[in-house]
Amino acid sequence: MKAAVLREINQPLLIEDISIDKPMPNEVLVKTKASGVCRSDLHYIQGNQFHELPVILGHEVAGVVEKVGENVTYLSPGDTVVGCISIFCGRCDRCLEGNPALCLRDPMWGLFRSENDKPKLYKDKEIINQFLRLSSFAEMMLIHENALVKVDPEVPFEQLALIGCGVTTGLGAVLKTARIKAGSTVAVIGCGGVGLSAIQGARIAGALRIIAIDTVGSKLEMAIEHGATDAISATSSDLVQNVIEMTKGGVDYSFDALGIKQTAEQAYDIVRPGGTATIVGLIAEGVKIELDGLGFMDEKRVQGSCMGSNQFRTDMPRYIELYKQGRLKIDSLVSQKLKIDGINKAFDDMKTGGLARSVIVFD
Ligand SMILES: [Zn+2]
Ligand SMILES: [Zn+2]
């Protein structure tokens, strides 16, 4: 099968012919239909996060079940599925107390192949690593059933793919991690796929004021179209002061969709006393965030959010229903569709920053 392989940090992905194994028990072979290109993938290309190489990136994906392994009763060939990095074991403390996105993923519990098993992905004798248990920049994927959810086959694959990471991350950060109150004031830093989804989450939850912050004018326009009530260019040096003045003391909830030291700190600085900053974007390994300690006396809070605190098997079908009802816009988040050969263009465009989401489509 054709796949985009990362062999060297900061180098273009190479389109290669890769072999994929048959499903072992509890595994599912999925034909990839659409895969979004997410900023987290870029972090690994740029070496901000480390992964064993060579690896097939991609983790925002929808496809169709081709074949199921032994013991798989939840899915059958022909089912439309969305993949999620939040694979769950269903029996650890975190899973059982309702936080499966934080599953302990004990290797003893059969979620992963062992070293003695045949590799899932390989090229002749070389092992190709699987990324976040998905590796969706490939024509086929071999995924544990607990990283898949069966979804409505009527929805286009590109939109379904975006539900698989960006939409769930942004929407979930607002609705599930922060659980914002109706009538509150919200600010979202970074208006790409995740930020625009957070803005929509705030709109759906009944926020009174939603302030979008970005450096790119076209993204701020999109933010307004997706529910923001105010838009501020992040290039202004007095960004924090601006937000504090326009809200008379700061926002109730802020969301940093970018995961950069500066934006995470700004997210904290713009919340009012008693407010909560939620860091949604993936912060590069080793980066330390500095916060003004006095803010804690004002009961300001800062918290992380892992993939929108998802329980994806129940959340994603609900988000898809919101889309079908027209309350969640996803069509407009699909900025361009490319074939797998165009994958490096997708990353170049991401670095330039003008697009919400590029989606790789497969036949
Ligand atoms: Zn992602
Ligand atoms: Zn678990």
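Predicted model: local features only at pLDDT ≥ 70, side-chain atom pairs only at ≥ 80, totals over all residues.
Residues are numbered from 1 along each chain as its sequence is written, with chains lettered from A and ligands numbered from 1 in the order in which they are written.

Domain 1 covers 2-164 + 310-361 and domain 2 covers 179-304; bounds like these come from an automatic or database domain assignment. Taken over C-alpha atoms, the two centres are 28 Å apart. Helices (H or I, at least four residues) and strands (E, at least two) are DSSP runs, numbered from the N terminus.

Next, a helix pair. H3 (residues 157-177) packs on H8 (residues 312-324) at about 105 degrees, with the axes 10 Å apart. That makes H3 roughly perpendicular to H8, a label for angles of 65 to 115 degrees; under 35 counts as roughly parallel, over 145 as roughly antiparallel and the rest as oblique. Axes are lines fitted to C-alpha atoms, for helices over the stretch in contact, and angles run from 0 to 180 degrees between N-to-C directions. From H3, the residues that meet H8 include Ile163, Val167 and Leu171, and from H8 they include Phe312, Met316 and Tyr323. By class, the contact has eight nonpolar, three polar and one charged residue.

Now for the strands. Six of them form an open sheet in the order E14-E13-E12-E15-E16-E17, with parallel pairing. Strands E14 (230-233) and E17 (301-304) sit at the edges, each pairing on one side only. Neighbours in this sheet are turned by 20 degrees against each other on average, direction ignored. Two strands count as paired if DSSP finds at least two bridges between them.

| Strands | Sense | Bridges |
|---|---|---|
| E15 (residues 251-256) and E16 (residues 271-279) | parallel | five bridges |
| E6 (residues 60-68) and E7 | antiparallel | three bridges |
| E7 and E11 (residues 148-150) | antiparallel | three bridges |

Ser254 has Ala277 in E16 as its bridge partner. On E7, Thr80 is the partner of Val64, while Val81 is partnered by Lys150 in E11. Strand E7 (residues 80-83) points Thr80 and Val82 one way and Val81 and Gly83 the other, and all are buried. Buried means that 20 or more other C-beta atoms lie within 10 Å of a residue's own; 12 or fewer is exposed, and in between is partly exposed.

Helix H7 (residues 261-269) has buried residues too: Thr263, Ala264, Gln266, Ala267 and Tyr268. They pack against E12 (185-189), helix H6 (239-246), E15, E16 and E17.

Last, a cysteine. Cys103 lies in the loop between helix H2 (93-96) and strand E8 (121-123). With 21 C-beta neighbours inside 10 Å, Cys103 counts as buried. Leaving aside neighbours within four places in sequence, the contacts of Cys103 are Ile87, Phe88, Cys89, Cys92, Arg94 and Cys95.

Key: Contact = placed C-beta atoms within 7 Å. Nonpolar A, V, L, I, M, F, W, Y, C, P; charged D, E, K, R; others polar.
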